[in-house]
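Hi,

Here is the structure I promised to pass on. Please open it first, then read my notes below.

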Amino acid sequence: MEVRKLEISSYLEELEYLVNIDSVSSDAAGTAKIAEFMTAKYRSLGWQVKEHQFNNTIGPCLEITNKAAEQYEVLILAHMDTVFPIGTAKERPFFINDGRAYGPGVVDCKAGLLSGFYALAALETMGKLEDQAVCVFLNSDHEGISSKYSKFHSEELAKQSKCTLVIEAARANGNLVHKRKGIGRYYIEVDGVAAHAGIDHQKGRNAIEEIAHWVLALQGRTDYAKETTLNIGKISGGTSISTVPDKAKAELDIRFYDEKAVTVIEQLMKDLAAQPHVAGTTANVVGGITRPSMVPSEKTEELVHAIDEIGKSLQIDFGWTASGGGSDGSFSAAAGTPTIDGLGPVGGGAHSSQEYLEIDTVVPRYELLCKIIAYVVNWKK
């Protein structure tokens, strides 16, 4: 199958437009501008675009289809939001230097949005999707809040689909992603008793001291052999150096493959709360798993092998990576749908001021995506 040529100059012009729009998850107006752009692109193909407003604190999410269907041959996922606060695009707008494009969200995942569209547009023009039902779901709440509002809908769409392709960026070394850790987020708050540190020290119940025991106990449960990591990434407490603190808070991030490890950690937190080290303190924990682990099934492994062969036919070298980062592919995999991730162009530095896109990977990865979609829409699952 000869793939229609991608006009890289037009692609980069559109990418510049998208990158120069602030679209942090909490800014509904910014993500709405991205959604407006993507809506116009897909409607130009004659596709149907349904806008979902799952919560008024986020922008619209888009459900895009080429035809009405009860089951889709493929579900394609991406997100329109970024982690960068309002003003970042003005501070450091899109620019190109030494073969790389830079800017907030350039590769995570605004380039993926465009590559996904152009791959589907090419296949539509070539008549490869005439008898196939395709669904694209673009959300606005991926970053920071783990697709809190949209995940239930993406899970339902995944259950209606034979497979899922995620157009997040390929890894910096070019690898695709077939496996991801699950994510848990927990918020711990300890109440103690305030007292003057000089006059009534003995009357105080130090909340910071108590939460320090929690930090050591939880950090100590990291198990690299099982690839389970715990990270207390934020801690706060106290009002002044001369006051025994009556409040302390900590925030815990857990990454895991095996959910049984999370059950053990949750029990540890219950035990810590039930038996405080500092008498007179009490602790409360809220939170839970925000993204399940994405572990490849037998059918996913079958897709991995097929994609390897497609890559070889295009002379594109890549391997496969198990990632500790989160993706909406975790929800589709948990729904039982074979899922492949990292199908956008190559880049790195996501969530940082150095985020970049390797421009010379845009065309070959677009061609790879075209071939993969053409394969999966005819895949006999």
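Three elements each supply at least two residues to the lining of the largest pocket: helix H4 (106-125), strand S9 (182-191) and strand S17 (347-348). Keep in mind that this is a predicted model. The pocket has a volume of about 510 Å³. Its lining counts 27 residues. Nearest the centre lie Asp108, Glu143, Gly325, Gly326 and His351. By type, the lining holds eight nonpolar, 11 polar and eight charged residues.

The peptide bond from Asp108 to Cys109 is cis, with omega near -10°. Cys109 is found in helix H4. In general, most peptide bonds are trans, and most residues other than glycine have a negative phi.

Two residues have a positive phi without being glycine. Ser146 has phi near 50°. Ser146 sits in the loop between strand S6 (134-139) and helix H5 (151-159), and is buried at 8% relative accessible area. Glu227 has phi near 60°. Glu227 lies in the loop between H6 and S11, and is partly exposed at 37% relative accessibility.

Now helix H6, residues 207-219. From first C-alpha to last, its 13 residues reach 18 Å, close to the 18 Å expected at 1.5 Å a residue. Which residues of H6 are buried? They are Ala207, Glu210, Ile211, Trp214, Val215 and Leu218. These cover an arc of only 150° around the axis, so they lie on the same side of H6. They pack against S9, strand S11 (229-237), strand S13 (247-256), helix H7 (259-274) and strand S14 (282-291).

Best wishes

Technical notes
Residues numbered from 1 in each chain as written. Predicted model: local features only at pLDDT ≥ 70, side-chain atom pairs only at ≥ 80, totals over all residues. Heavy atoms only, no water. 1 Å grid on protein atoms, 1.4 Å probe; cavity = no way out; pocket = protein on both sides within 12 Å on 5 of 7 lines; lining within 4 Å. Points joined across faces, edges and corners; volume = space filled by probe spheres on them. Helix = DSSP H or I, 4+ residues; strand = E, 2+ residues; numbered from the N terminus. Nonpolar A, V, L, I, M, F, W, Y, C, P; charged D, E, K, R; others polar. Expected span 1.5 Å × (residues − 1). Buried < 20%, exposed > 50% of the residue type's maximum accessible area, 1.4 Å probe, protein only. Arc of directions from axis to C-beta. Contact = heavy atoms within 4.5 Å.
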